[in-house]
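Dear colleague,

Please find below the structure that I am handing over to you. My notes on what was found in it follow directly after.

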Amino acid sequence: MAAAIILSPSSTPTDYFNVISPTLQIPSPDTGITVPVGILACQRDPFLKKIETTVIACHVSQPPSPPTGKKTKKAVVAPRLPNEPILEIVLHDTVIFPEGGGQPTDTGLITTSDGKAWLVLQAKRHGGHAVHYVKITEGDLDSALSVFAPGSSVTASLGPDDFDRRYDHMSMHTSQHLLSAVLETRLNLPTLSWSLTSSPSPCYVEVPRGMTVEEIRFIQSEANKLVFEGRRVYTEVEELDRDKTVVPTILESGRSAGKGLPSDYTGGVNRVVVIDGVDRNPCCGTHLPTIHNLQLFILPHTETMSRSSTTSARLYFLSGPRLIGYLTTTHEFLTSTASILSCGAPSVPERVSQVVDERKKAEKRVTDLELELAKHISSGLYHEALAGSVNDGYIFRKHLRRTDDSGNALGLLSAISVAFSEQIANAQTPYLLVLTSTPSAQTTNSTTVVMVIGSDDKEVRSVGDSLKSQLGVKGGGKGLKWSGKYIGVWKEKKEGGLVDDLLKDVQ
């Protein structure tokens with residue numbers, strides 16, 4: 001994400017962080033009191049990458065095992081906590097943002113007095129405090145507890161990759177505030193929720209209804225007008241008064257719209273993020289000090305989300321470094337496709353359409369030829385069956401072997417079976433056929449298609465059951481037809497020979 005280096009200002013403006021309460025103060029290091037979430041160093045100065053601080057508390061914990069067979073609902077993939085003891089560390093202050101406000105956790109480093117750098121895998125808010133989840137080096141538990149003893153001096157920092165991750169999150173988070181504000185003021189569409197997805201995927205806001213392409217283009221234009229004006233972004237903090245906190249609006253559908261403080265927040269700080277003249281919203285996330293670099297691109301469609309009693313829609317968007325990455329990748333895809341198709345980039349849609357049409361015609365020709373081939377093969381089988389039907393008690397038994405690398409081997413065998421069954425129906429000749437189709441080059445993962453057809457459903461079922469029990473063919477059937485698949489290398493002398501033996505044994 002080199003774009004983060006190009007786009008980021010060199011420092012945070014002095015008027016970014018504003019304390020509007022005369023009694024709210026940042027605790028000093030010598031008090032032994034941690035700075036609460038809301039006025040952390042990362043929230044006062046989002047471009048600060050390092051801070052000298054002290055340890056307030058440290059203890060060892062065992063992370064719970066991740067749920068098995070269940071996908072996580074987290075939008076951004078945070079580094080997984082190891083299935084072994086880790087340190088939970090509370091610092092006096094930190095530049096490592098703890099997950100909250102829809103913004104994922106930062107990753108970072110804590111360097112102790114002995115010069116050792118410890119990985120911070122996650123940071124989370126516990127009540128009003130930021131807790132750092134620190135990986136313990138194997139066999140280093142005692143020394144870890146020693147260097148992180150309360151009162152110890154440490155340095156919390158963001159490495160290059162950590163800051164790139166932070167800058168991406170800030171870009172998308174500030175863009176979401178801008179997009180939600182414009183949606184509400186221009187189209188009266190409140191934001192029901194939003195998701196900061198993993199880079200490079202687009203993020204989305206959820207709105208109460210779908211939007212037309214014209215509405216999306218209008219919102220994109222209105223948002224980018226504000227971007228080009230370079231509206232500044234700043235924060236205002238004051239002591240929290242629960243009686244005055246904003247309560248999210250409840251819509252007719254029962255869904256809530258707007259932002260409110262989490263019920264478990266105990267930090268005592270009310271923090272509001274302001275986009276000058278555009279938006280004011282309580283938020284604990286880190287934000288850019290201006291929107292002038294955040295040209296917004298909204299994907300021109302919405303994704304409908306149907307619930308039991310309501311229907312909402314997701315509107316996807318990109319901005320900042322993620323938008324640059326998206327444009328770069330899209331351009332690479334386009335030029336690569338143009339090269340493959342031997343045409344210029346503007347001609348790609350037309351050329352792709354031609355290729356798709358030609359592919360459909362080719363598939364139709366293949367289907368017609370396979371049907372013609374199936375009739376020819378079935379005709380040969382039919383005449384072979386009639387040649388022996390003059391004998392009393394005759395049953396036409398045949399193992400038809402085919403080598404086929406097409407993607408529809410089962411379709412061809414089915415066409416042969418249907419054509420043969422139609423031809424043999426009037427001859428009243430008993431028959432039992434096994435049809436197999438094997439790829440020319442086989443591996444342990446190759447699939448051989450097996451089909452059994454006959455004039456007696458009991459015989460068909462008997463051969464099918466034997467194929468399952470003796471060869472491990474997976475399949476089933478009903479009536480006069482049975483089909484299955486054999487996974488592995490099909491050898492004619494072994495597997496093919498066993499099929500021949502099964503046919504001979506049928507009375």
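Helices and strands are DSSP runs numbered from the N terminus, a helix being H or I over at least four residues and a strand being E over at least two. The model is predicted, so local features need pLDDT of at least 70 and side-chain atom pairs count only at pLDDT 80 or more, while totals for chains, interfaces and linings use all residues. Residues are numbered from 1 along each chain as its sequence is written, and side-chain values use heavy atoms, with hydrogens and water left out.

T137 sits in the loop that runs between β6 (129–134) and α3 (141–147). With a relative accessible area of 39%, T137 is partly exposed; the classes are buried (under 20% relative accessible area), exposed (over 50%) and partly exposed in between, with a 1.4 Å probe and protein chains only. Leaving aside residues up to four places away in sequence, T137 touches K116 and W118, where contact means heavy atoms within 4.5 Å. The side chains of T137 and K116 also make a polar contact at 3.1 Å. A polar contact is a pair of N or O atoms within 3.5 Å; within protein, one must be able to donate a hydrogen and the other to accept it, and residues adjacent in sequence count only if both atoms are side-chain atoms.

**Salt bridges**

How many salt bridges does a search of the whole structure find? The search returns 16, a salt bridge being a side-chain nitrogen of Lys or Arg within 4 Å of a carboxyl oxygen of Asp or Glu.

One of these pairs E222 with R186, whose closest N and O atoms are 3.0 Å apart. Because E222 belongs to helix α5 (residues 213–229) and R186 to helix α4 (residues 160–187), the pair ties together parts that are 36 residues apart in sequence. E222 counts as buried at 14% relative accessibility, whereas R186 is partly exposed at 35%.

E222 also meets K225 in a salt bridge, at 3.1 Å from N to O. K225 and E222 are 3 residues apart in helix α5, which means that about one helical turn separates them. K225 is partly exposed, with a relative accessible area of 45%.

A further salt bridge links R231 to E229, with the closest N and O atoms 2.6 Å apart. Both residues are partly exposed, R231 at 23% relative accessibility and E229 at 48%. Through shared partners, salt bridges join R186, E222 and K225 into one network.

**R165 in helix α4**

R165 is placed in helix α4. Is R165 buried or exposed? At 16% relative accessibility, R165 counts as buried. Its side chain reaches the backbone oxygen of T105 at 3.0 Å. The C-alpha atoms of R165 and I416 are separated by 59 Å, and these residues are 251 positions apart along the chain.

**Backbone geometry**

S199 and P200 are joined by a cis peptide bond with omega of about 10°. P200 is found in the loop between β8 (193–195) and β9 (203–207).

S342 has a positive phi, near 55°, although it is not a glycine. S342 lies in the loop between α6 (320–341) and α7 (348–388), and S342 is exposed, with a relative accessible area of 67%. Q428, likewise a residue other than glycine, has a positive phi near 55°. Q428 belongs to the loop between α8 (409–424) and β18 (431–438) and is exposed at 71%.

**Surface patch and annotated region**

V60, L141 and L145 make a nonpolar surface patch of about 200 Å². Patches are made of residues with over 30% relative accessible area and no salt bridge, like charges being joined within 9 Å and nonpolar side chains (Val, Leu, Ile, Met, Phe, Trp, Tyr) within 5 Å. Accessible areas come from the Shrake-Rupley method with a 1.4 Å probe, and for residues only the protein chains shown count as cover. V60 lies in strand β2 (residues 50–61) and is partly exposed at 33%.

The unreviewed UniProt entry lists residues 352–379 as "coiled-coil region"; UniProt positions are given in the numbering used here, feature names are shortened, and annotations may be inferred rather than shown by experiment. In the model, residues 352–379 are 100% helix and 0% strand, and the end C-alpha atoms are 40 Å apart.

Yours sincerely
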